[in-house]
Amino acid sequence: MASAQKSLAQAIRDRRSTPSFDGEPIPASDLKLILDAGLKAPSGYNMQPWRFIVVQHPEQRRRLRAASYNQAKVEEASVVIVACGDCDGWRKDLEEMLRLGRAAGMPESYAAQAAANVPEYLSGFSDAEMHGWLNKQVTIATTSMMWMAEVLGYDTAMLEGFEQQGVCETLRLPMSYWVVSLLAIGHLKGADKFDGGRFDSSHTVFGEEYGKQLKLK
Ligand SMILES: Cc1cc2nc3c(=O)[nH]c(=O)nc-3n(C[C@H](O)[C@H](O)[C@H](O)COP(=O)(O)O)c2cc1C
């Protein structure tokens, strides 16, 4: 494994949404580590509904930029991972999820419950509910990739500024795909972004119930 350049704690301290990249290519071995980190993420019922399109070719990055409100970093980054969810993934992959699980010791009682619960839970979803479910699952995997990239010494930028249809057309995505975000990875060019700061935790974290201050001894 390539050596980590930073601890996770340091990466969390240092990370900024990178404003500009120098375009230097990323070694395939590092890219593999980054992708694997995402693919090991947890997901509901282990259904892994994520799909990732890895865009490295300059011409394709240029096209992707055009579908991303002309954000320059999409073209400048060494690689842009387009994080998608497949609305029909659970239909296609349920059997394979169960096969993998059984091979690794999944109890039959668990397999039977999952085989019943997954269709029961997901088949009634509206499009909006399915997109919400996919946003959650895919973002966990994409964030895992982001942290692995940061720990390896790369700079990253997560992007939601894109046109759904434009990205689908540019990447020739199947109709059942939903684009969740773009993760640009590379090396910072120029000055980093300012640190916008974070709200005081009393505004965003509560203890035991809403409105009660969390007391950490
Ligand atoms: C899901 C998500 C989508 C974002 N989309 C964009 C984007 O399209 N363009 C952009 O310049 N920054 C984007 N950002 C970066 C945010 O503006 C940034 O995270 C925020 O200002 C805090 O700054 P920091 O990440 O440097 O701490 C996005 C961040 C997240 C988490």
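Lys193 sits over the face of Phe194, at 4.5 Å from the ring centre. A charge counts as over a ring if NZ of Lys or CZ of Arg is within 6 Å of the ring centre and within 35 degrees of the ring normal. Bear in mind that this is a predicted model, where local features need pLDDT of at least 70, side-chain atom pairs count only at pLDDT 80 or more, and totals for chains, interfaces and linings use all residues. Residues are numbered from 1 along each chain as its sequence is written, and side-chain values use heavy atoms, with hydrogens and water left out.

Lys193 also turns up around the ligand, along with Arg15, Arg16, Ser17, Gln71, Lys73, Met158, Leu159, Glu160, Gly161 and Arg198. (To be near the ligand, a residue needs a heavy atom within 4 Å of it.) By type, that shell splits into 6 charged, 3 polar and 2 nonpolar residues. Here Ala, Val, Leu, Ile, Met, Phe, Trp, Tyr, Cys and Pro count as nonpolar, Asp, Glu, Lys and Arg as charged, and the others, Gly among them, as polar.

| Residue | Atom on the residue | Ligand atom | Distance |
|---|---|---|---|
| Arg16 | side-chain N or O | oxygen | 2.6 Å |
| Arg198 | polar side-chain atom | oxygen | 2.8 Å |
| Met158 | polar backbone atom | nitrogen | 3.3 Å |

On its own the ligand exposes 620 Å², and the protein buries 63% of that. Those areas come from the Shrake-Rupley method with a 1.4 Å probe.

Now for the rings. The whole structure has 2 aromatic pairs, meaning rings of Phe, Tyr and Trp (its six-membered ring) with centres within 6.5 Å; planes under 30 degrees apart are stacked, over 60 edge-to-face and the rest tilted. Tyr121 and Phe125 make an edge-to-face pair, 5.0 Å centre to centre with 75° between the planes. Phe206 and Tyr210 have their ring centres 4.9 Å apart and their planes at 65°, so this pair is edge-to-face too.

How covered are these residues? Tyr121 is partly exposed at 39% relative accessibility, and Phe125 is partly exposed at 22%. Phe206 is partly exposed at 33%, whereas Tyr210 is exposed at 72%. (Buried is under 20% relative accessible area, exposed over 50%, partly exposed in between, with a 1.4 Å probe and protein chains only.)

Last, the salt bridges: there are 12 in the whole structure, each a side-chain nitrogen of Lys or Arg within 4 Å of a carboxyl oxygen of Asp or Glu. Among them, Arg62 meets Glu59 at 2.4 Å, N to O. Lys6 pairs with Asp14 at 3.7 Å, N to O, and Asp14 is partly exposed, with a relative accessible area of 35%.

Notes. Polar contact = N/O pair within 3.5 Å; in protein donor to acceptor, adjacent residues only side chain to side chain.
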